[in-house]
Amino acid sequence: MLSVLIRLDFVLATVLLVVAPLGLLLASVRRPAVRGHLLAYWRASSLLMVTVYLMIDGRPEAFVAGNAALVVIPLALQAGDVLFVPGPAAPGEGPVATWVRRWQTGATAFCGVSLLLTVPALRCAWGPEQNSFCAAWLAPPRALHRALHPSVDPATLGDAAVIGGLIYGAYLVASVIRVGWSRWGA
């Protein structure tokens, strides 16, 4: 039962957090307010890609990154991207903006429900391959690896994810400093 829930979570995350916003981004090419919201989302959700590639290599920090992504994404969807898009500017009017608002609500709800499912996986941060529970979480990303990158060593993808995670961490620190500076500084 758990492996079915994990696979369902992975598939729903792919559809709701990758495919849908990509389609919305393409539809928003001539709508700057909508595009700004979606670009803020993509900056936040890049932590999901880092998580998947860490999981492909079975790195324990993937479980922390995954849970962090499920917290950061709704924050970006509701509050905007503090580094580049100040505040929660409205996406505007029109059919694309309406779909973006609907998707934001659905994605935020999904992240909340998914977080409830993934919080217990944090224990895997101290040894993901020690038990079947942790191995079940690694199965969907490893299946994705076999489908997308069969000739690439998982360790290479894990190393790339670590570099991406470091860049993401620097971005997050810069965001926090900017917010702090604007609220308590000048």
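Which residues does Ala44 touch, not counting residues up to four places away in sequence? Ala44 touches Val72, Ile73, Ala76 and Tyr168, where contact means heavy atoms within 4.5 Å. The structure is a predicted model, in which local features need pLDDT of at least 70 and side-chain atom pairs count only at pLDDT 80 or more, while totals for chains, interfaces and linings use all residues. Residues are numbered from 1 along each chain as its sequence is written, and side-chain values use heavy atoms, with hydrogens and water left out.

**Overall build**

- The chain has 6 helices and 0 strands; helices (H or I, at least four residues) and strands (E, at least two) are DSSP runs, numbered from the N terminus.
- Read along the sequence, the pattern is α-α-α-α-α-α.
- Of the 186 residues of the chain, 39% count as buried, a word that means under 20% relative accessible area, whereas exposed means over 50% and partly exposed lies in between (1.4 Å probe, protein chains only).
- Among contacts between residues at least 6 apart in sequence, 74% join residues at least 24 apart.
- The accessible surface of the chain comes to about 10,100 Å², and 73% of this surface belongs to carbon and sulfur atoms; such areas come from the Shrake-Rupley method with a 1.4 Å probe, and for residues only the protein chains shown count as cover.

**Nonpolar cores**

- The largest nonpolar core has 25 residues, and those with the most contacts inside it are Leu47, Tyr53, Leu54, Met55, Phe63, Phe133 and Trp137; a nonpolar core is a set of buried Ala, Val, Leu, Ile, Met, Phe, Trp, Tyr and Cys residues joined through side-chain atoms within 4.5 Å.
- Helix H2 (32-56), helix H3 (61-79), helix H5 (132-148) and helix H6 (154-184) each supply at least two residues of this core, and H2 gives the most, with 8 residues.
- Phe133, when its neighbours within four places in sequence are left aside, is in contact with Leu2, Pro120, Ala121, Arg123 and Cys124.
- A second, separate core has 17 residues, among them Leu17, Leu38, Val96 and Phe110.

- Ala44 is found in helix H2 and is buried, with a relative accessible area of 5%.
- Ala44 and Leu172 are 128 residues apart in sequence, yet their C-alpha atoms are 9.1 Å apart in space.
- His145 has its place in helix H5 and is buried, because its relative accessible area is 10%.
- Leaving aside neighbours within four places in sequence, His145 is in contact with Ile56, Pro150, Val152, Pro154 and Leu157.

- The buried residues of H3 include Phe63, Asn67, Leu70, Ile73 and Leu77.
- For helix H4 (residues 95-118), 24 residues should span 34 Å, which agrees with end C-alpha atoms 34 Å apart.
- The buried residues of H4 include Val96, Val100, Trp103, Ala107, Phe110 and Ser114, and what covers the buried residues of H4 includes H1, H2, H3 and H5.
- An α-helix has 3.6 residues a turn, so residues three or four places apart point the same way.

**Salt bridges**

- The count comes to 2 salt bridges, a salt bridge being a side-chain nitrogen of Lys or Arg within 4 Å of a carboxyl oxygen of Asp or Glu.
- Arg59 forms a salt bridge with Asp57, the closest N and O atoms being 2.6 Å apart; Arg59 is buried, with a relative accessible area of 17%, whereas Asp57 counts as partly exposed at 22%.
- Asp159 also forms a salt bridge with Arg59, with the closest N and O atoms 2.5 Å apart.
- Asp159 lies in helix H6 and Arg59 in the loop between H2 and H3, so this pair ties together parts that are 100 residues apart in sequence.

**Surface patch**

- Met1, Leu2, Leu5, Leu8 and Leu12 make a nonpolar surface patch of about 470 Å²; patches are made of residues with over 30% relative accessible area and no salt bridge, with like charges joined within 9 Å and nonpolar side chains (Val, Leu, Ile, Met, Phe, Trp, Tyr) within 5 Å.
- Leu12 is found in helix H1 (residues 2-27) and counts as partly exposed, at 39% relative accessibility.

Note on methods:
Expected span 1.5 Å × (residues − 1).
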